[in-house]
Amino acid sequence: MNIQTDRTSFEARLRKIGDELYHDKHPFHILLHSGGCTIDQVRAWVVNRYYYQSRIPMKDAAFLSRVEDPNLRRIWRSRIEDHDGREEGTGGIMRWLKLAEGVGLDPDYVASARGVLPATRFAVDAYVRFVRDMPLLDAVAASLTELFAPAIHEQRIAGLLKHYDFANDDTIAYFKHRLSEAPRDVAFGLGWVLDHAQTAKEQDAAANALIFKTQVLWAQLDALYHAYVSPRHIPPGAWHPEEGLL
Ligand SMILES: O=C(O)c1cc(C(=O)O)c2c(n1)C(=O)C(=O)c1cc(C(=O)O)[nH]c1-2
């Protein structure tokens, strides 16, 4: 097999992982995007998903702290700026808190991360640790779930606007921004992984990292479904519908 064919088939292998395992197929997302969630279920999603958002720049900072190549650091650091903004009051985390406010949650409560489900915390923390501890190739490969994110963000924007009163330009701004941020990040990340996974062993490691990441995402939605949709077992200490409201 020549190198180009191998590169093409390796990319196809990564894309197939997304086709089969990405969380767009999770029943919670199907409920959310089709208008089937109650406002409390949307609030539970916003509270928990905030934890993921809040840890993304921390995992990118952990990644950067290990990179010796200034070019790679320069390119990667825009990810932190996307979430934290370049000045106060800007960036993805702030936009997520606008969504929180729009669904009737106190942004300070959401930002406190009190009430996050135990499984969400475990899954997200595992992602941060993975990126901190594993080889750089695995860490970059894990971010490639973003290959599949623009499609889910499109579905979400359309679904929220169609079905929920809280949805408007302000509350969905987070997802609108990701439509341009994620493709830029992932074009670089995919090229980097294709360039650096040269051996079969490295390709396996990258594919496994991507599978691990799909599991990080899936586990969060399983926990959400279990606690707030069915059988509605809210773990002790996790958010209750009357908590943290404006
Ligand atoms: O809404 C989603 O389904 C979704 C998924 C993902 C993903 O695939 O990891 C990310 C995001 N959103 C996102 O907004 C985001 O900033 C992000 C960063 C990363 C990453 O791994 O570096 N994934 C994701």
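This is a predicted model: local features need pLDDT of at least 70, side-chain atom pairs count only at pLDDT 80 or more; totals for chains, interfaces and linings use all residues.
Helix axes here are lines fitted to C-alpha atoms over the stretch in contact, and the angle between two of them runs from 0 to 180 degrees between N-to-C directions.

**View 1. H3 runs alongside H8.** The axes of H3 and helix H8 (residues 118-133) come within 9 Å and cross at roughly 10 degrees. Angles under 35 degrees count as roughly parallel, so H3 is roughly parallel to H8. On the H3 side, the contact takes in Asn 48, Tyr 51, Tyr 52, Arg 55, Met 58, Lys 59, Ala 62 and Phe 63. Facing them from H8 are Thr 120, Arg 121, Val 124, Tyr 127, Val 128, Val 131 and Arg 132. Sort the H3 and H8 contact residues by class and you get 9 nonpolar, 2 polar and 4 charged.

View 2. Helix H3 spans residues 39-64 and helix H6 spans residues 92-102; their axes come within 10 Å and cross at roughly 175 degrees. Anything over 145 degrees counts as roughly antiparallel, which means H3 is roughly antiparallel to H6. From H3, the residues involved are Val 46, Tyr 50, Gln 53 and Ser 54. They meet Gly 92, Ile 93, Trp 96, Leu 99 and Ala 100 in H6. This contact of H3 with H6 has 6 nonpolar and 3 polar residues, with no charged ones.

View 3. Around the ligand sit Ile 56, Ser 143, Thr 145, Glu 146, Ala 149, Ile 152, His 153, Arg 178 and Leu 217. Which helix gives the largest share of this shell? That would be H10 (residues 149-163), with 3 residues. By class, the shell splits into 4 nonpolar, 3 polar and 2 charged residues.

**View 4. Stepping back to the annotated region and the whole chain.** An unreviewed UniProt entry carries the annotation "domain: Thiaminase-2/PQQC" over residues 12-222. Across residues 12-222 the chain is 75% helix and 0% strand, with the end C-alpha atoms 27 Å apart. The protein chain as a whole comes to 12 helices and 0 strands. Its C-alpha atoms fill a box of roughly 60 × 40 × 35 Å along the principal axes. For 246 residues, a compact globule would have a radius of gyration near 18 Å, and the protein chain agrees, at 18 Å.

Methods
Residues are numbered from 1 along each chain as its sequence is written. UniProt positions are given in the numbering used here, feature names are shortened, and annotations may be inferred rather than shown by experiment. Helices (H or I, at least four residues) and strands (E, at least two) are DSSP runs, numbered from the N terminus. A residue is near a molecule or strand if its C-beta atom, placed from the backbone, lies within 6 Å of it. Ala, Val, Leu, Ile, Met, Phe, Trp, Tyr, Cys and Pro count as nonpolar, Asp, Glu, Lys and Arg as charged, and the others, Gly among them, as polar. Angles under 35 degrees count as roughly parallel, over 145 as roughly antiparallel, 65 to 115 as roughly perpendicular and the rest as oblique. Two residues are in contact if their C-beta atoms, placed from the backbone, lie within 7 Å. The radius of gyration is taken over C-alpha atoms; the globule rule is 2.2 Å times the number of residues to the power 0.38.
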